[in-house]
Amino acid sequence: MKIKDIYILCLLGVLFFSCYEDKGNYNYEDVNQLKIQFTDEVINCIMGDTLEIVPIYKFTTDSSHANLTYEWSFLDSVISTERNLNYILPEKTINEYVYLRVFDHNTNVSYISQVFLQITSLFQAHGWIVLSEKEGKSCLSMIREEIRKDQYGSYYYSYDDYLHVFEKMNGYALGTKPVKTLEHYSGEWGAIGQHWIIQQGEGGCIDVSGTTFKKDIRLEETFLNGLPANFQPVDMIDTRWLTLIVNANGDVYTRKKLTDKLYNSGYFLSDPLEFEGEKVDGRNMVLAPFADFGFTLFYDKQHNRFLSLISRDEVSAGQIIAPEVYERYYADKPHFSRLDNFKNKKILHTGYYDVSGGYDLGFYSILQDTEGNLYTHDFTIYKNIYSTSAPVATPVDEIKVDFRHVIDGTSKNVFRVIRYNKAPYILISKNNELWYYDRISKGEIKKYYTFDADICAIDYNIEDGTRVCIALENGKYHIMNFDRNTVNFGDETKRLKYSSSSDFGKIVDLKQKVLRQFGWSWQQN
(Lines give C-alpha, C1' and ligand atoms only; values in the text may rest on other atoms or scores of the structure.)
Protein backbone atom coordinates (compact mmCIF):
# COMPACT_ATOMS: atom_id res chain seq x y z
CA MET A 1 0.00 0.00 0.00
CA LYS A 2 1.25 3.47 -0.84
CA ILE A 3 1.79 6.13 1.79
CA LYS A 4 -0.89 8.28 0.19
CA ASP A 5 -3.51 5.53 0.58
CA ILE A 6 -2.63 5.08 4.27
CA TYR A 7 -3.10 8.79 4.85
CA ILE A 8 -6.59 8.72 3.30
CA LEU A 9 -7.70 5.79 5.48
CA CYS A 10 -6.54 7.54 8.67
CA LEU A 11 -8.41 10.70 7.69
CA LEU A 12 -11.64 8.76 7.13
CA GLY A 13 -11.24 7.10 10.57
CA VAL A 14 -10.94 10.44 12.31
CA LEU A 15 -14.07 11.74 10.55
CA PHE A 16 -16.02 8.61 11.54
CA PHE A 17 -15.22 8.86 15.28
CA SER A 18 -15.84 12.59 15.36
CA CYS A 19 -19.39 11.91 14.15
CA TYR A 20 -19.95 9.13 16.78
CA GLU A 21 -22.37 10.16 19.56
CA ASP A 22 -21.10 9.07 23.03
CA LYS A 23 -24.09 7.40 24.72
CA GLY A 24 -22.02 6.29 27.84
CA ASN A 25 -22.81 7.25 31.47
CA TYR A 26 -19.92 9.17 32.96
CA ASN A 27 -21.70 10.19 36.17
CA TYR A 28 -19.10 8.51 38.52
CA GLU A 29 -19.72 7.99 42.26
CA ASP A 30 -16.97 7.34 44.87
CA VAL A 31 -16.76 3.72 45.94
CA ASN A 32 -17.56 3.34 49.67
CA GLN A 33 -14.21 1.89 50.64
CA LEU A 34 -13.49 0.25 53.99
CA LYS A 35 -10.36 0.54 56.11
CA ILE A 36 -9.79 -2.01 58.89
CA GLN A 37 -7.67 -1.08 61.90
CA PHE A 38 -6.55 -3.01 65.00
CA THR A 39 -5.62 -1.32 68.25
CA ASP A 40 -2.34 -3.33 68.45
CA GLU A 41 0.07 -4.56 65.80
CA VAL A 42 0.95 -7.55 67.97
CA ILE A 43 -1.41 -9.20 70.44
CA ASN A 44 0.17 -11.11 73.33
CA CYS A 45 -2.10 -13.63 74.99
CA ILE A 46 -2.11 -16.75 77.10
CA MET A 47 -2.97 -20.16 75.68
CA GLY A 48 -6.44 -21.37 76.61
CA ASP A 49 -7.71 -17.84 77.24
CA THR A 50 -10.55 -16.22 75.30
CA LEU A 51 -9.26 -13.82 72.67
CA GLU A 52 -11.43 -10.78 72.05
CA ILE A 53 -10.65 -8.46 69.11
CA VAL A 54 -12.81 -5.45 68.27
CA PRO A 55 -11.56 -3.98 64.97
CA ILE A 56 -12.12 -0.35 64.03
CA TYR A 57 -13.99 -0.09 60.71
CA LYS A 58 -13.68 3.23 58.86
CA PHE A 59 -15.61 3.98 55.64
CA THR A 60 -14.67 6.63 53.12
CA THR A 61 -18.31 7.73 52.72
CA ASP A 62 -21.27 6.33 54.65
CA SER A 63 -21.29 3.15 56.72
CA SER A 64 -25.11 3.03 56.92
CA HIS A 65 -25.35 1.62 53.36
CA ALA A 66 -22.75 -1.12 53.92
CA ASN A 67 -23.78 -4.72 53.47
CA LEU A 68 -20.91 -6.65 55.00
CA THR A 69 -20.03 -10.21 55.96
CA TYR A 70 -17.00 -11.24 58.02
CA GLU A 71 -14.61 -14.17 58.04
CA TRP A 72 -11.87 -14.63 60.65
CA SER A 73 -9.24 -17.30 59.91
CA PHE A 74 -6.38 -18.69 61.96
CA LEU A 75 -4.03 -21.59 61.18
CA ASP A 76 -5.79 -22.15 57.84
CA SER A 77 -9.23 -22.54 59.47
CA VAL A 78 -12.22 -20.23 59.71
CA ILE A 79 -12.76 -19.48 63.40
CA SER A 80 -15.59 -16.89 63.27
CA THR A 81 -18.01 -15.07 60.97
CA GLU A 82 -18.93 -12.35 63.46
CA ARG A 83 -18.05 -8.68 63.27
CA ASN A 84 -15.85 -8.93 66.38
CA LEU A 85 -13.75 -11.94 67.28
CA ASN A 86 -14.43 -13.98 70.39
CA TYR A 87 -12.27 -17.11 70.26
CA ILE A 88 -10.92 -19.63 72.77
CA LEU A 89 -7.21 -20.01 72.07
CA PRO A 90 -5.65 -23.47 71.61
CA GLU A 91 -3.63 -25.03 74.44
CA LYS A 92 -0.25 -24.54 72.79
CA THR A 93 2.25 -21.78 72.13
CA ILE A 94 1.93 -20.27 68.65
CA ASN A 95 3.26 -17.22 66.79
CA GLU A 96 1.02 -16.65 63.77
CA TYR A 97 -1.27 -14.14 62.03
CA VAL A 98 -5.03 -13.90 62.48
CA TYR A 99 -6.66 -12.82 59.21
CA LEU A 100 -9.89 -10.89 58.81
CA ARG A 101 -11.71 -10.84 55.45
CA VAL A 102 -14.62 -8.41 55.08
CA PHE A 103 -16.84 -8.66 51.98
CA ASP A 104 -19.02 -5.71 50.90
CA HIS A 105 -21.98 -7.14 48.94
CA ASN A 106 -22.97 -3.74 47.58
CA THR A 107 -19.69 -3.23 45.78
CA ASN A 108 -18.53 -6.87 45.51
CA VAL A 109 -15.22 -5.84 47.05
CA SER A 110 -13.24 -7.81 49.66
CA TYR A 111 -11.02 -6.20 52.26
CA ILE A 112 -8.36 -8.21 54.10
CA SER A 113 -6.37 -7.26 57.17
CA GLN A 114 -4.26 -9.14 59.69
CA VAL A 115 -2.86 -8.93 63.20
CA PHE A 116 0.04 -10.93 64.63
CA LEU A 117 -0.81 -13.21 67.53
CA GLN A 118 1.73 -14.42 70.10
CA ILE A 119 0.24 -17.19 72.21
CA THR A 120 2.36 -18.04 75.21
CA SER A 121 1.87 -20.04 78.35
CA LEU A 122 0.91 -18.37 81.59
CA PHE A 123 4.14 -19.85 82.90
CA GLN A 124 6.35 -18.69 80.02
CA ALA A 125 7.48 -15.70 82.03
CA HIS A 126 10.22 -14.58 84.37
CA GLY A 127 9.90 -15.15 88.06
CA TRP A 128 10.79 -17.91 90.50
CA ILE A 129 10.12 -21.63 90.78
CA VAL A 130 9.17 -22.75 94.28
CA LEU A 131 9.50 -26.36 95.42
CA SER A 132 7.84 -27.07 98.74
CA GLU A 133 6.26 -29.75 100.87
CA LYS A 134 2.69 -29.44 102.00
CA GLU A 135 0.68 -32.08 103.88
CA GLY A 136 3.42 -34.61 103.16
CA LYS A 137 3.33 -34.04 99.38
CA SER A 138 5.66 -32.25 96.98
CA CYS A 139 4.30 -29.02 95.57
CA LEU A 140 5.68 -27.20 92.52
CA SER A 141 4.62 -23.57 92.25
CA MET A 142 5.58 -20.45 90.35
CA ILE A 143 5.91 -16.78 91.22
CA ARG A 144 5.25 -14.88 87.99
CA GLU A 145 6.91 -11.47 87.70
CA GLU A 146 5.49 -8.99 85.21
CA ILE A 147 6.21 -5.38 84.28
CA ARG A 148 3.06 -3.26 84.22
CA LYS A 149 2.18 0.39 83.78
CA ASP A 150 0.15 2.39 86.27
CA GLN A 151 -2.38 5.13 85.51
CA TYR A 152 0.37 7.74 85.46
CA GLY A 153 2.46 5.88 82.88
CA SER A 154 5.09 4.65 85.35
CA TYR A 155 6.28 1.06 85.20
CA TYR A 156 6.29 -1.28 88.17
CA TYR A 157 6.74 -4.99 88.93
CA SER A 158 3.76 -7.11 89.85
CA TYR A 159 3.75 -10.63 91.29
CA ASP A 160 1.24 -13.46 91.00
CA ASP A 161 1.36 -16.83 92.73
CA TYR A 162 0.42 -20.08 91.00
CA LEU A 163 0.38 -23.01 93.39
CA HIS A 164 0.33 -26.74 92.56
CA VAL A 165 1.10 -26.06 88.88
CA PHE A 166 2.39 -29.59 88.23
CA GLU A 167 -0.73 -31.26 89.59
CA LYS A 168 -3.01 -28.88 87.70
CA MET A 169 -1.21 -29.31 84.38
CA ASN A 170 -0.65 -33.08 84.58
CA GLY A 171 -3.70 -34.28 86.47
CA TYR A 172 -1.80 -36.22 89.13
CA ALA A 173 0.38 -35.51 92.17
CA LEU A 174 4.07 -34.66 91.79
CA GLY A 175 5.40 -37.01 94.49
CA THR A 176 7.00 -36.88 97.94
CA LYS A 177 10.19 -35.81 99.69
CA PRO A 178 11.11 -32.82 97.49
CA VAL A 179 14.76 -31.75 97.48
CA LYS A 180 15.72 -29.30 94.74
CA THR A 181 15.03 -27.87 91.27
CA LEU A 182 17.27 -27.16 88.29
CA GLU A 183 16.47 -25.15 85.17
CA HIS A 184 18.38 -26.50 82.19
CA TYR A 185 18.58 -25.71 78.49
CA SER A 186 19.21 -27.08 75.05
CA GLY A 187 21.58 -25.59 72.51
CA GLU A 188 18.63 -24.84 70.20
CA TRP A 189 18.36 -21.10 69.75
CA GLY A 190 15.45 -19.56 71.65
CA ALA A 191 14.41 -22.78 73.39
CA ILE A 192 12.68 -22.31 76.75
CA GLY A 193 14.48 -23.96 79.66
CA GLN A 194 13.01 -27.07 81.28
CA HIS A 195 13.07 -27.94 84.99
CA TRP A 196 14.37 -31.01 86.77
CA ILE A 197 12.43 -31.69 89.96
CA ILE A 198 14.52 -33.72 92.40
CA GLN A 199 12.60 -35.94 94.82
CA GLN A 200 13.71 -38.79 97.06
CA GLY A 201 10.26 -40.32 97.54
CA GLU A 202 7.32 -41.23 95.32
CA GLY A 203 7.48 -39.96 91.77
CA GLY A 204 11.27 -39.75 91.74
CA CYS A 205 13.03 -37.08 89.68
CA ILE A 206 10.94 -35.60 86.89
CA ASP A 207 11.85 -33.22 84.06
CA VAL A 208 9.04 -30.82 83.18
CA SER A 209 8.40 -28.29 80.44
CA GLY A 210 9.32 -24.71 81.27
CA THR A 211 6.32 -23.57 79.24
CA THR A 212 3.52 -25.79 80.56
CA PHE A 213 5.04 -27.70 83.52
CA LYS A 214 3.88 -30.92 81.91
CA LYS A 215 6.08 -33.98 82.43
CA ASP A 216 8.70 -34.67 79.78
CA ILE A 217 10.68 -37.61 81.19
CA ARG A 218 11.50 -39.36 84.45
CA LEU A 219 15.12 -39.70 85.54
CA GLU A 220 14.88 -43.49 85.86
CA GLU A 221 14.28 -43.67 82.10
CA THR A 222 17.66 -42.02 81.44
CA PHE A 223 19.85 -44.58 83.27
CA LEU A 224 21.27 -47.27 81.04
CA ASN A 225 20.93 -50.05 83.63
CA GLY A 226 18.32 -48.59 85.96
CA LEU A 227 18.82 -46.38 89.01
CA PRO A 228 21.83 -47.19 91.22
CA ALA A 229 21.32 -48.94 94.56
CA ASN A 230 20.58 -46.68 97.55
CA PHE A 231 19.87 -43.82 95.18
CA GLN A 232 18.97 -40.64 97.08
CA PRO A 233 19.60 -37.65 94.77
CA VAL A 234 20.45 -34.28 96.32
CA ASP A 235 21.63 -32.15 93.39
CA MET A 236 21.82 -31.89 89.60
CA ILE A 237 23.85 -29.79 87.19
CA ASP A 238 23.32 -29.55 83.45
CA THR A 239 25.91 -28.14 81.05
CA ARG A 240 26.16 -28.01 77.30
CA TRP A 241 27.41 -31.59 76.96
CA LEU A 242 27.02 -33.09 80.42
CA THR A 243 24.29 -33.80 82.93
CA LEU A 244 25.40 -34.57 86.48
CA ILE A 245 23.36 -35.96 89.32
CA VAL A 246 24.74 -36.11 92.87
CA ASN A 247 23.73 -38.80 95.35
CA ALA A 248 23.38 -38.23 99.10
CA ASN A 249 26.72 -39.96 99.71
CA GLY A 250 28.45 -37.62 97.22
CA ASP A 251 28.65 -40.04 94.28
CA VAL A 252 28.33 -38.27 90.93
CA TYR A 253 26.60 -39.97 87.99
CA THR A 254 27.20 -38.50 84.55
CA ARG A 255 25.50 -38.49 81.18
CA LYS A 256 27.27 -37.31 78.05
CA LYS A 257 24.69 -35.97 75.64
CA LEU A 258 24.39 -37.31 72.12
CA THR A 259 23.42 -33.84 70.94
CA ASP A 260 23.29 -30.45 72.61
CA LYS A 261 20.14 -29.57 70.66
CA LEU A 262 17.90 -31.63 72.94
CA TYR A 263 17.11 -31.31 76.63
CA ASN A 264 17.64 -35.02 77.22
CA SER A 265 19.76 -37.33 75.09
CA GLY A 266 22.05 -40.23 75.91
CA TYR A 267 22.08 -42.32 79.10
CA PHE A 268 23.59 -42.00 82.56
CA LEU A 269 26.39 -44.39 83.42
CA SER A 270 25.73 -46.63 86.39
CA ASP A 271 29.28 -46.24 87.77
CA PRO A 272 30.11 -43.10 89.79
CA LEU A 273 32.59 -40.54 88.46
CA GLU A 274 36.20 -41.07 89.54
CA PHE A 275 39.37 -38.98 89.58
CA GLU A 276 42.87 -40.27 90.35
CA GLY A 277 41.43 -43.64 91.29
CA GLU A 278 38.92 -42.27 93.82
CA LYS A 279 35.22 -41.49 93.60
CA VAL A 280 34.46 -37.79 93.27
CA ASP A 281 32.36 -36.15 95.99
CA GLY A 282 30.02 -33.77 94.16
CA ARG A 283 28.12 -32.29 97.09
CA ASN A 284 29.89 -28.93 96.69
CA MET A 285 29.50 -28.16 93.00
CA VAL A 286 29.16 -24.51 92.05
CA LEU A 287 26.01 -23.82 90.05
CA ALA A 288 27.13 -21.16 87.55
CA PRO A 289 26.88 -20.42 83.81
CA PHE A 290 29.13 -23.18 82.56
CA ALA A 291 29.38 -23.23 78.79
CA ASP A 292 30.85 -19.74 78.49
CA PHE A 293 34.03 -21.18 79.91
CA GLY A 294 33.53 -24.89 79.38
CA PHE A 295 33.70 -26.42 82.85
CA THR A 296 32.00 -26.81 86.22
CA LEU A 297 33.96 -25.87 89.32
CA PHE A 298 33.52 -27.95 92.46
CA TYR A 299 35.09 -28.22 95.90
CA ASP A 300 36.73 -31.58 96.58
CA LYS A 301 36.11 -31.67 100.33
CA GLN A 302 38.02 -34.89 100.89
CA HIS A 303 41.26 -33.36 99.58
CA ASN A 304 40.35 -29.76 100.46
CA ARG A 305 40.85 -28.39 96.94
CA PHE A 306 39.03 -27.12 93.86
CA LEU A 307 38.62 -29.25 90.74
CA SER A 308 36.94 -28.59 87.40
CA LEU A 309 34.80 -30.93 85.34
CA ILE A 310 35.29 -30.17 81.65
CA SER A 311 32.30 -29.75 79.32
CA ARG A 312 33.76 -27.55 76.60
CA ASP A 313 33.08 -29.92 73.71
CA GLU A 314 31.64 -33.33 73.02
CA VAL A 315 35.03 -35.07 72.98
CA SER A 316 36.51 -33.71 76.22
CA ALA A 317 33.27 -33.60 78.22
CA GLY A 318 33.54 -35.57 81.46
CA GLN A 319 37.26 -35.14 82.14
CA ILE A 320 38.42 -33.66 85.44
CA ILE A 321 41.30 -31.17 85.62
CA ALA A 322 42.55 -29.09 88.54
CA PRO A 323 42.47 -25.31 87.93
CA GLU A 324 45.95 -23.90 87.31
CA VAL A 325 47.38 -20.94 89.21
CA TYR A 326 50.78 -19.62 88.16
CA GLU A 327 53.22 -19.77 91.07
CA ARG A 328 54.12 -16.11 90.65
CA TYR A 329 50.52 -15.24 91.50
CA TYR A 330 50.78 -17.14 94.77
CA ALA A 331 54.11 -15.46 95.45
CA ASP A 332 52.48 -12.03 95.05
CA LYS A 333 49.77 -12.99 97.58
CA PRO A 334 51.38 -15.24 100.21
CA HIS A 335 48.31 -15.02 102.48
CA PHE A 336 46.04 -16.39 99.73
CA SER A 337 44.93 -20.00 100.27
CA ARG A 338 46.01 -22.25 97.42
CA LEU A 339 43.27 -23.75 95.27
CA ASP A 340 44.98 -27.13 95.37
CA ASN A 341 45.24 -27.23 99.18
CA PHE A 342 43.33 -25.07 101.66
CA LYS A 343 45.21 -26.71 104.57
CA ASN A 344 43.56 -25.73 107.89
CA LYS A 345 40.63 -23.93 106.25
CA LYS A 346 37.37 -25.33 104.93
CA ILE A 347 34.89 -23.80 102.50
CA LEU A 348 31.44 -22.95 103.83
CA HIS A 349 30.05 -21.61 100.55
CA THR A 350 31.19 -20.65 97.05
CA GLY A 351 29.25 -18.44 94.65
CA TYR A 352 30.11 -16.68 91.41
CA TYR A 353 29.98 -13.17 89.98
CA ASP A 354 30.56 -11.39 86.69
CA VAL A 355 33.83 -9.57 86.17
CA SER A 356 33.24 -6.21 84.51
CA GLY A 357 34.68 -5.70 81.05
CA GLY A 358 36.57 -8.94 80.80
CA TYR A 359 36.54 -12.60 79.88
CA ASP A 360 36.72 -13.86 83.46
CA LEU A 361 34.21 -15.16 85.93
CA GLY A 362 34.70 -14.56 89.63
CA PHE A 363 34.37 -17.16 92.39
CA TYR A 364 33.78 -15.93 95.91
CA SER A 365 33.99 -18.18 98.96
CA ILE A 366 33.52 -17.97 102.70
CA LEU A 367 36.28 -19.89 104.49
CA GLN A 368 36.59 -20.96 108.12
CA ASP A 369 39.76 -22.11 109.87
CA THR A 370 40.08 -24.60 112.71
CA GLU A 371 39.82 -21.80 115.29
CA GLY A 372 36.54 -20.52 113.87
CA ASN A 373 37.97 -17.45 112.15
CA LEU A 374 36.26 -16.46 108.90
CA TYR A 375 37.70 -15.25 105.60
CA THR A 376 36.51 -14.14 102.18
CA HIS A 377 38.38 -15.86 99.36
CA ASP A 378 38.14 -14.33 95.88
CA PHE A 379 39.61 -15.47 92.55
CA THR A 380 38.78 -15.30 88.84
CA ILE A 381 39.00 -17.86 86.05
CA TYR A 382 39.49 -17.12 82.37
CA LYS A 383 36.42 -18.45 80.59
CA ASN A 384 37.89 -19.43 77.24
CA ILE A 385 39.62 -22.76 77.65
CA TYR A 386 40.41 -25.10 74.81
CA SER A 387 39.81 -28.83 74.73
CA THR A 388 41.29 -30.33 77.91
CA SER A 389 43.56 -27.44 78.88
CA ALA A 390 43.40 -26.48 82.54
CA PRO A 391 41.31 -23.44 83.49
CA VAL A 392 43.68 -20.65 84.54
CA ALA A 393 42.77 -18.98 87.84
CA THR A 394 44.03 -15.64 89.17
CA PRO A 395 43.90 -14.80 92.90
CA VAL A 396 42.12 -11.56 93.76
CA ASP A 397 42.32 -11.45 97.54
CA GLU A 398 41.72 -13.23 100.80
CA ILE A 399 40.54 -11.13 103.74
CA LYS A 400 39.89 -12.03 107.36
CA VAL A 401 36.40 -10.79 108.21
CA ASP A 402 34.34 -10.39 111.35
CA PHE A 403 31.24 -12.45 110.53
CA ARG A 404 31.20 -14.56 113.70
CA HIS A 405 28.13 -12.83 115.14
CA VAL A 406 26.27 -13.99 111.99
CA ILE A 407 27.96 -17.35 111.35
CA ASP A 408 28.16 -18.56 114.95
CA GLY A 409 27.94 -22.30 114.48
CA THR A 410 24.44 -22.65 115.94
CA SER A 411 22.28 -20.32 113.80
CA LYS A 412 20.84 -21.38 110.46
CA ASN A 413 22.77 -19.75 107.60
CA VAL A 414 21.78 -19.49 103.93
CA PHE A 415 24.35 -17.96 101.55
CA ARG A 416 23.98 -16.24 98.19
CA VAL A 417 26.54 -14.35 96.11
CA ILE A 418 24.75 -11.91 93.79
CA ARG A 419 26.16 -12.16 90.29
CA TYR A 420 26.09 -8.51 89.21
CA ASN A 421 28.29 -5.57 90.10
CA LYS A 422 25.17 -3.43 90.17
CA ALA A 423 24.38 -5.27 93.40
CA PRO A 424 27.80 -6.63 94.52
CA TYR A 425 26.62 -8.23 97.72
CA ILE A 426 27.15 -11.42 99.64
CA LEU A 427 23.87 -12.28 101.35
CA ILE A 428 23.94 -14.36 104.53
CA SER A 429 20.95 -15.18 106.65
CA LYS A 430 21.02 -15.75 110.40
CA ASN A 431 17.77 -17.48 111.24
CA ASN A 432 15.17 -14.78 110.46
CA GLU A 433 17.68 -11.99 109.81
CA LEU A 434 19.12 -11.04 106.42
CA TRP A 435 22.66 -9.64 106.40
CA TYR A 436 24.73 -8.28 103.51
CA TYR A 437 28.39 -7.62 102.77
CA ASP A 438 29.71 -5.48 99.91
CA ARG A 439 32.46 -7.48 98.19
CA ILE A 440 33.74 -4.38 96.33
CA SER A 441 33.84 -1.71 99.03
CA LYS A 442 34.26 -4.34 101.78
CA GLY A 443 33.73 -2.74 105.20
CA GLU A 444 31.45 -4.35 107.77
CA ILE A 445 28.71 -6.89 107.33
CA LYS A 446 25.35 -5.22 108.00
CA LYS A 447 21.83 -6.32 108.85
CA TYR A 448 19.37 -5.57 106.07
CA TYR A 449 16.02 -6.90 107.26
CA THR A 450 14.33 -8.96 109.98
CA PHE A 451 11.48 -11.30 109.00
CA ASP A 452 8.80 -13.02 111.03
CA ALA A 453 10.18 -16.53 110.31
CA ASP A 454 13.52 -18.17 109.54
CA ILE A 455 14.92 -17.80 106.04
CA CYS A 456 15.14 -21.07 104.09
CA ALA A 457 16.10 -19.95 100.55
CA ILE A 458 17.49 -16.90 98.73
CA ASP A 459 17.60 -16.24 95.00
CA TYR A 460 17.89 -13.16 92.80
CA ASN A 461 16.24 -12.23 89.52
CA ILE A 462 18.18 -12.52 86.27
CA GLU A 463 18.15 -9.00 84.88
CA ASP A 464 20.41 -7.16 87.28
CA GLY A 465 20.30 -8.91 90.64
CA THR A 466 18.60 -6.03 92.40
CA ARG A 467 15.36 -7.92 93.05
CA VAL A 468 16.04 -10.73 95.49
CA CYS A 469 13.46 -13.32 96.51
CA ILE A 470 13.56 -14.47 100.14
CA ALA A 471 11.62 -17.62 101.10
CA LEU A 472 10.66 -18.25 104.71
CA GLU A 473 9.98 -21.42 106.63
CA ASN A 474 6.38 -20.29 107.25
CA GLY A 475 5.61 -20.73 103.53
CA LYS A 476 5.78 -17.05 102.59
CA TYR A 477 8.16 -15.14 100.34
CA HIS A 478 9.27 -11.52 100.07
CA ILE A 479 10.79 -9.58 97.17
CA MET A 480 13.59 -7.36 98.41
CA ASN A 481 15.11 -4.33 96.69
CA PHE A 482 18.90 -4.51 96.52
CA ASP A 483 19.48 -1.62 94.17
CA ARG A 484 22.78 -0.10 95.28
CA ASN A 485 21.29 3.36 95.76
CA THR A 486 18.65 1.97 98.11
CA VAL A 487 21.26 0.02 100.07
CA ASN A 488 23.80 2.86 100.31
CA PHE A 489 21.35 5.57 101.29
CA GLY A 490 19.70 3.33 103.85
CA ASP A 491 16.05 4.06 102.99
CA GLU A 492 14.50 1.12 104.84
CA THR A 493 11.02 1.89 103.49
CA LYS A 494 12.21 0.92 100.00
CA ARG A 495 13.89 -2.33 100.98
CA LEU A 496 10.76 -4.48 100.90
CA LYS A 497 9.11 -4.44 97.46
CA TYR A 498 6.45 -7.14 97.84
CA SER A 499 5.18 -9.71 100.33
CA SER A 500 3.12 -12.74 99.39
CA SER A 501 -0.10 -13.81 101.07
CA SER A 502 -0.05 -17.38 99.73
CA ASP A 503 0.99 -20.34 101.84
CA PHE A 504 3.42 -22.49 99.84
CA GLY A 505 3.97 -24.92 102.70
CA LYS A 506 7.49 -25.84 103.79
CA ILE A 507 9.69 -24.33 101.06
CA VAL A 508 12.75 -26.49 100.28
CA ASP A 509 14.11 -24.72 97.19
CA LEU A 510 13.72 -21.49 95.27
CA LYS A 511 15.16 -20.83 91.80
CA GLN A 512 14.95 -17.98 89.36
CA LYS A 513 13.11 -18.82 86.14
CA VAL A 514 15.48 -17.62 83.43
CA LEU A 515 13.52 -18.98 80.40
CA ARG A 516 16.41 -18.94 77.93
CA GLN A 517 20.10 -19.82 77.96
CA PHE A 518 21.47 -16.75 79.73
CA GLY A 519 25.04 -17.95 79.17
CA TRP A 520 24.34 -21.52 80.28
CA SER A 521 24.47 -23.05 76.82
CA TRP A 522 26.74 -22.48 73.87
CA GLN A 523 24.48 -19.86 72.33
CA GLN A 524 23.62 -16.65 74.10
CA ASN A 525 20.47 -14.56 74.47
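pLDDT is the predictor's confidence in each residue, on a scale from 0 to 100, and contact means heavy atoms within 4.5 Å. The structure is a predicted model, in which local features need pLDDT of at least 70 and side-chain atom pairs count only at pLDDT 80 or more, while totals for chains, interfaces and linings use all residues. Residues are numbered from 1 along each chain as its sequence is written, and side-chain values use heavy atoms, with hydrogens and water left out.

View 1. The mean pLDDT of the chain is 87, and 89% of the residues reach 70 or more. Over residues 6-28 pLDDT stays under 50, and the model has 2 contacts beyond four places in sequence for this stretch; over residues 521-525 pLDDT also stays under 50, with 17 such contacts. The chain has 4 helices and 37 strands, where helices (H or I, at least four residues) and strands (E, at least two) are DSSP runs numbered from the N terminus. Of the 525 residues, 50% are buried, a term for under 20% relative accessible area, with exposed meaning over 50% and partly exposed lying in between (1.4 Å probe, protein chains only).

**View 2. Leucine 131 in strand β10.** Leucine 131 is placed in strand β10, which covers residues 127-134, and this leucine 131 counts as buried because its relative accessibility is 0%. Although leucine 131 and glycine 505 are 374 residues apart along the chain, their C-alpha atoms are separated by 9.3 Å.

**View 3. Glutamate 433 and its contacts.** Strand β31, spanning residues 433-438, contains glutamate 433, which counts as buried because its relative accessibility is 18%. The side chain of glutamate 433 makes a polar contact (3.5 Å) with the side chain of lysine 447; a polar contact is a pair of N or O atoms within 3.5 Å, and within protein one must be able to donate a hydrogen and the other to accept it, with residues adjacent in sequence counting only if both atoms are side-chain atoms. Apart from neighbours within four places in sequence, glutamate 433 is in contact with Ile428, Lys447, Tyr449, Thr450 and Ile455.

**View 4. Tyrosine 97 in strand β8.** Tyrosine 97 is found in strand β8, made up of residues 94-104. With a relative accessibility of 31%, tyrosine 97 counts as partly exposed.
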